[in-house]
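Subject: Structure handover

Hello,

Please find the structure below. My notes on what was found in it follow.

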Amino acid sequence: MKKHLFVFWIMASLLAGAFFIAPDRAFAMEGATTLIAPQVSQPAEEPEKYVSVQLIADQTQGLTGEETITLGIVQRIAPGWHIYWKNPGDSGAAAEVEWNAPDTFIFSDLEWPVPKKLPFGPLMNFGYENIATNFVTLTLPENIPPMPFQIGMNIDLLVCEEICIPESHQASIVLNGTVPPSAEIMEEMRNSFPSDKGWDAAYSTRGSNFILSVTVAEGESLQGAKDFELFPEEWGLIENVAESSANIDGNVLTITQAHGERDFSEVPMSKMVIRYTDGQNIPRGVRVSAMLEGASASDIAKADGASVDIFLWQALLFAVLGGLILNLMPCVFPVLSMKALSLCKLKDKEEAKARLSGLAYTAGVLVSFAVIAGALLAFKAAGAEIGWGFQLQNPFVISLLATLLFVIGLNLAGLFDFSGRFAGIGSSLVQKEGASGSFFTGVLATLVATPCTAPFMGVAMGFALTQPALISMSVFLMLGFGLALPYLLLAYIPALRHVLPKPGPWMERFKELLAFPMFASAAWLVWVLSQQAGSIGVLILLMVFVALAFAIWTFKNLAAQGALRWIGLSAAIIALIFSAFCLSSLHGGMMVPGQSAGADQNWESFSEPVLEGYLEDGYPVFVNMTAAWCITCKVNERIALDTNATRKLFETRGIKYLKGDWTNQDPEITKYLDRYGRTGVPLYVYYGPRDENGARPEPKLLPQILTPAIVEGEITGS
Amino acid sequence: MTKSFLTIAIAAFTLIACLPQSHAEVAVGEAVPEFTVTDSKGVTHNLSDFKGKNIVLEWHNPECPYVVKHYEPKNMQGLQEKYTGQDVIWLTINSGAEGKQGHVTAEEANAMKEEKGIKSTAYIVDASGEVGKLFGAKTTPHMFVIDGEGNLAYAGAIDSDSSFKSEKIEGATNYVAAALDSLAAGEPIEVASTKPYGCSVKY
């Protein structure tokens, strides 16, 4: 299939040859250097040459000046010999051209046709066999007299078989004479040149790999394309001889090849030619300008198995969507609904009040997100190995959140109403519509939202964390905006509020009902804590719950009665101090890794040495990066990994199953995630067994949402 | 037959290339692993023998036009003479496999040293390509400079002009000379890695 191009070339060259032999006779009378077939131009005493060079042009007659014409330097190469591309690869040299024409003639740089890989032992060269033509754009000076004139050139090139021979050639063409134009042939020759598509491209390095990712412009497609080969115009970016692998995902093409010897920071930009066979089996070449990046957005999207490329605006859109979805999470929904219902009480004439409340709530959310994102970015900038969800790696934060959810639950359930003296955190869920109340409800919504991650957020977060701080911050703020949006809309559009049911006694029941999702969220966080701080941690936290509930109950019942007030108050304060003390004991120090491993455990804990050991010994390996607070991870394990079918599949195929637990900070796992372009869990990687040649296939990334069929499909390769 | 052998060879190489350590084992700035070579006179040299001295490795193929470019006008010999005179160890290495262009036997190498006035410390016939592959030598001439501590200090072309014309030597920046001068002066090497030019090493 790749031969097509060159079959065409040979035909084109034969045709071209026919054109050139014809006009010979015309030149004697014009006094110009004759243009004759170069094969016979060698004086007899010169050594045999392996390349012959001819100069052709798309316009040759009636030139009056200021035209832009295209010259073609046709190089025919002896069978078995080759010449080199612009970047010759491991050895060899590109042709160098000097023009013999007045300074007023402006010649462009050489344009190079799509090269071919020319392996030579352990080395790889990039070049051409049989025939190659360089194009040059010539801009003519003004006022050319209508007389024949000559453009001459000298070309130094290296032609190699196994041995290399440098050759110098002279060639020329007479313009405004009788040489016919070669426009048609040159038009066809254009097919062998890469097309400059202007597609977005970026390259990066990951481990020992060079990764190029190209985003195909809208309206164009690489559908069905195959046999991708990469030719960077800069040297040393890739290990030239290494195999490359290409992957098309939606409109993103990713080519991976071993990293070359050069420090990439020297090469912030390189043009690259990608050679491929298109869906109709026609060989093609495309040329892109690739920028160096730490990790490009499309890499991240690819690594996430998402079928879309993530641009900034898409990431922002995803962030808004993710934020919207957060509203439905069991921990956020109750807070939002109570807040929303409070709006219904407002009369239409209190429009301004409603708007103020909406704005304050939004501000509360955004400020909280800015604080969390700022902390995350600051940690990252300081070099900490953390990713999204880092807040949940601290048992103290988990305990605080669980306690918060529990107390809100108690409030909703009707154990107590927040009164003025608790002013502060979410003081007025229903009662007050003041701006400060709304602001803190926003803060509260953000706080309780943090444990809940929505599927949409993974991609956006991954994108955010690889970007400059400004963009990261924008993504986080858009997430917050999404979270605040429903309430903001309600506040601003009275019509929406009318859709909500009329306030009434049912609201009290509804409020009590909403306590249960809060308790459920708290229960889940308690379980997360059990993974981080063990059973002692759980006991302490549950005791805190009881003590707080007791403190609240005493406040509520005793505060009014003068005599017993002080006893009640003391009891409540003791309970609070006890709670604070207990919580602080969870602050660091007490980490006891979860010991849930049963006798039938079919996995081992992940560590790099274990992984490397298995890979060296040739085992297929399945790596699962998980965390207790990652619901997606747990669901995947339950549905797709921890099933009898998958266990059996692992067993029969001798797959070593490694599980990395990122519930707590673990730089080793963070590094591993980073290698695959992730900033968070879950991550599933399958290292296939060696094939019959002893080669290991590229590790496969599995999607973030697993089913048994997906796991089986990826492992059996079907 | 040769074709299928070639295919297998390429496939095998690709495999090697795909393994994590696909690069040559030596990288600029890193320590060069110990190696042992026997020169055309039969003398054995270990890298560690040269501790404290700067070393130049020059990949050679007497028939390669780019090598000829530097030998015909005695440019390479001049460098060899100048720097061996400054206590630099200069090893000229020929990794051409037997039967390939430019391959020489030890006797031929000795005769050639005499005839062409090669002034390097030793000429090494590396027909197996072992040393060449250790360094990832790709072209002739591919140049490497190892500092006194045994770290690779420079890898790449001999100079900044990749043409095969001797008259271009003048006016080109000689990276090897610059690296050696910087090392001698205790200064950092300005250009430590360039694209090597020339003919392929005929492994």
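Helix axes are lines fitted to C-alpha atoms over the stretch in contact, and angles run from 0 to 180 degrees between N-to-C directions. Helices (H or I, at least four residues) and strands (E, at least two) are DSSP runs, numbered from the N terminus. Two residues are in contact if their C-beta atoms, placed from the backbone, lie within 7 Å.

This is a predicted model, in which local features need pLDDT of at least 70, side-chain atom pairs count only at pLDDT 80 or more, and totals for chains, interfaces and linings use all residues. Residues are numbered from 1 along each chain as its sequence is written, and chains are lettered from A and ligands numbered from 1 in the order in which they are written.

Confidence

The model has an ipTM of 0.73 and a pTM of 0.48. The average pLDDT (the predictor's confidence in each residue, from 0 to 100) of chain B is 85, and 88% of the residues score at least 70. In residues 1–23 of chain B the pLDDT is below 50, and this stretch has 23 contacts in the model beyond near neighbours in sequence.

The two chains

Chain A contains 19 helices and 23 strands. Of its 718 residues, 44% are buried; a residue is buried if 20 or more other C-beta atoms lie within 10 Å of its own, exposed if 12 or fewer, and partly exposed in between, with C-beta atoms placed from the backbone. Among the contacts in chain A with a separation of 6 or more, 76% are between residues 24 or more positions apart.

Chain B contains 6 helices and 9 strands. It has 203 residues, and 39% of them count as buried. For contacts in chain B with a separation of 6 or more, residues 24 or more positions apart account for 75%.

Where the chains meet

How many residues of chain A are in contact with chain B? The number is 28, and they meet 28 residues of chain B. On the side of chain A that touches chain B, strand S6 (116–120), strand S9 (149–160) and strand S10 (164–175) each supply at least two residues. The largest share of that side, 3 residues, comes from S10(A). By class, the side of chain A that touches chain B has 15 nonpolar, 5 polar and 8 charged residues. Here Ala, Val, Leu, Ile, Met, Phe, Trp, Tyr, Cys and Pro count as nonpolar, Asp, Glu, Lys and Arg as charged, and the others, Gly among them, as polar.

Two helix pairs in chain A

Helix H17 (residues 644–652) and helix H19 (residues 708–716) of chain A pack at an angle of about 15°, and their axes are 10 Å apart. H17(A) and H19(A) are therefore roughly parallel (angles under 35 degrees count as roughly parallel, over 145 as roughly antiparallel, 65 to 115 as roughly perpendicular and the rest as oblique). Their crossing is left-handed; a crossing is left-handed if the near helix is turned anticlockwise from the far one by less than a right angle, and right-handed if clockwise. From H17(A), A:Ala645, A:Thr646 and A:Leu649 meet A:Pro708, A:Val711, A:Glu712 and A:Ile715 of H19(A). By class, this contact of H17(A) with H19(A) has 5 nonpolar, 1 polar and 1 charged residues.

Helix H8 (residues 435–449) and helix H10 (residues 469–492) of chain A pack at an angle of about 115°, with axes 11 Å apart. H8(A) crosses H10(A) in a right-handed way. A:Gly442, A:Ala445, A:Thr446 and A:Ala449 of H8(A) make the contact with A:Gly480, A:Leu483 and A:Ala484 of H10(A). The contact of H8(A) with H10(A) has 4 nonpolar, 3 polar and no charged residues.

Single residues

A:Asn130 is not a glycine, yet has a positive phi of about 70°. A:Asn130 sits in the loop between strand S7 (123–129) and strand S8 (131–139) of chain A. With 18 other C-beta atoms within 10 Å, A:Asn130 is partly exposed.

A:Asp227, also not a glycine, has a positive phi of about 55°. A:Asp227 belongs to strand S14 (residues 226–232) of chain A, and is partly exposed because 13 C-beta neighbours lie inside 10 Å.

In chain B, the peptide bond that joins B:Thr140 and B:Pro141 is cis, with omega about -5°. B:Pro141 lies in the loop between strand S6 (139–140) and strand S7 (143–146) of chain B.

Regards
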